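Dear colleague,

Please find below the structure that I am handing over to you. My findings follow directly after it.

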Amino acid sequence: LEREAWAARFEEGRTRDGHRVEVAANLGNTAHTADAVERGAEGVGLLRTEFIFMAHSQAPDLETQIGEYKEAMDALNGLPLVARTLDVGGDKPLPYWPVPQEDNPFLGLRGIRLALTQPEVLETQLRALLLAAAGGDNRPGRPLRIMLPMVKDIAEFRAAKAIFDRLLEEIPAEQRATDVQLGVMIEVPSCALLAPTLAAEVDFFSVGTNDLTQYTLAIDRGHPALSAQSDGLHPAVLRLIQMTVDAAHAHGKWVGVCGELASDAQAVPVLVGLGVDELSVSARQVPMVKARLRDFDLADAKAQAELALAQATSDDVRNALEVR
Ligand code: PEP
Ligand code: MG
């Protein structure tokens, strides 16, 4: 089976009956982009840019960042790059960006909240992404999707979008990305609950099920004893994903899932049945996720999603679903 999956890795992600679901790769290191493409990734669905920052002893300057993002875009050769803006704080410390001592770092200054305290860092990053995606030498501009981590409501999105819009005004179109979208990660339950208000203004959503599960079930994602109970197939998490997809599709926007759940064999049909448009997984898992998609029809996926939503606990969900 693994050999078959590998042989078919360059086929587009589709269910058995042809429903399209893009399969992209999660990356922390732009040097690994070519490898992800070689494994069949249809783009990068989550570039964790904090790893680029962590590899430097101080915040990388504009030129350094442009070089990094270009490396990924060159290797992608026209496939989309979904870059997440710097996500530090919580479980992702950055030594040269100290956060005041907090009792609950997961509920403290992290992600977009932290980024907005130093908007010039965010601005430089957005500028580097926009400049790196410019066309040139008879080459078209590169498709760029930028997403904001740990957003809790539309005010944070609008604050970041104001910087983004200013850059779009300021940089001549021929010097920057033209095929560009700005989206938010759905990692905080408030954003899923308010997805209808966000969906009108964002270009897309990407569900970070690792954090969304942590904040929905109130279990630290790295807790040594409890993290096993922190299962994204919990019906409460699935309902939040359902709300997110329904709101997005009502506004013609797309939804990806880039947390661990996207590569869970039992979860793949459930997510597809909920209407998720893209799955972003570790590069290694791309061929298997594509093979998993070819296992079922969209109608089966919808039935699996219905079944899952009707359960009471994540154990019930796992027992009810087809075992794979
Ligand atoms: C997530 O929270 O699901 C996610 C994809 O982001 P990270 O794991 O980097 O927090
Ligand atoms: Mg996260």
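The loop between strand 4 and helix 7 contains methionine 150. In this predicted model, methionine 150 has a positive phi of about 60°, although it is not a glycine. For comparison, most residues other than glycine have a negative phi. Is methionine 150 buried or exposed? Methionine 150 has 24 other C-beta atoms within 10 Å, and since the threshold for a buried residue is 20 or more, methionine 150 counts as buried.

A second residue with a positive phi that is not a glycine is alanine 218, with a value of about 55°. Alanine 218 lies in the loop between helix 10 and helix 11 (235-250). Its surroundings hold 8 C-beta neighbours inside 10 Å; a residue with 12 or fewer is exposed, and alanine 218 therefore counts as exposed.

I turn next to the strands. Strand 4 (residues 144-148) pairs with strand 5 in the parallel sense, over five bridges. Within this pairing, arginine 145 has glutamine 181 of strand 5 as its bridge partner. Between strand 4 and strand 5 the chain passes through helix 7 (residues 154-170), and this β-α-β crossover is right-handed. Strand 5 also runs parallel to strand 6 (residues 204-207), to which three bridges join it. Here isoleucine 186 has valine 207 of strand 6 as its bridge partner. Strand 5 itself, residues 180-186, is mostly covered, with five of its seven residues buried.

The model also includes a ligand. Which residues are found around ligand 1? They are Leu46, Arg48, Glu187, Gly208, Thr209, Asn210, Asp211, Cys258 and Gly259. Two elements, strand 2 (44-48) and helix 10 (209-217), each give two or more residues to this shell. Helix 10 gives the most, with three residues.

Finally, some remarks on the protein chain as a whole. The protein chain has 15 helices and eight strands. Its C-alpha atoms fill a box of roughly 50 × 50 × 35 Å along the principal axes. A compact globule of 324 residues would have a radius of gyration near 20 Å, and the 19 Å of the protein chain agrees with this. Of the 324 residues, 48% count as buried. Among contacts with a separation of 6 or more, 70% are between residues 24 or more positions apart.

Yours sincerely,
A colleague

Key. Residues are numbered from 1 along each chain as its sequence is written. Chains are lettered from A and ligands numbered from 1 in the order in which they are written. This is a predicted model: local features need pLDDT of at least 70, side-chain atom pairs count only at pLDDT 80 or more; totals for chains, interfaces and linings use all residues. Helices (H or I, at least four residues) and strands (E, at least two) are DSSP runs, numbered from the N terminus. Two strands pair if DSSP finds at least two bridges between them. A crossover is right-handed if, with the strands pointing away from the viewer, the path from the first strand over the helix to the second runs clockwise. The radius of gyration is taken over C-alpha atoms; the globule rule is 2.2 Å times the number of residues to the power 0.38. Two residues are in contact if their C-beta atoms, placed from the backbone, lie within 7 Å. A residue is near a molecule or strand if its C-beta atom, placed from the backbone, lies within 6 Å of it.
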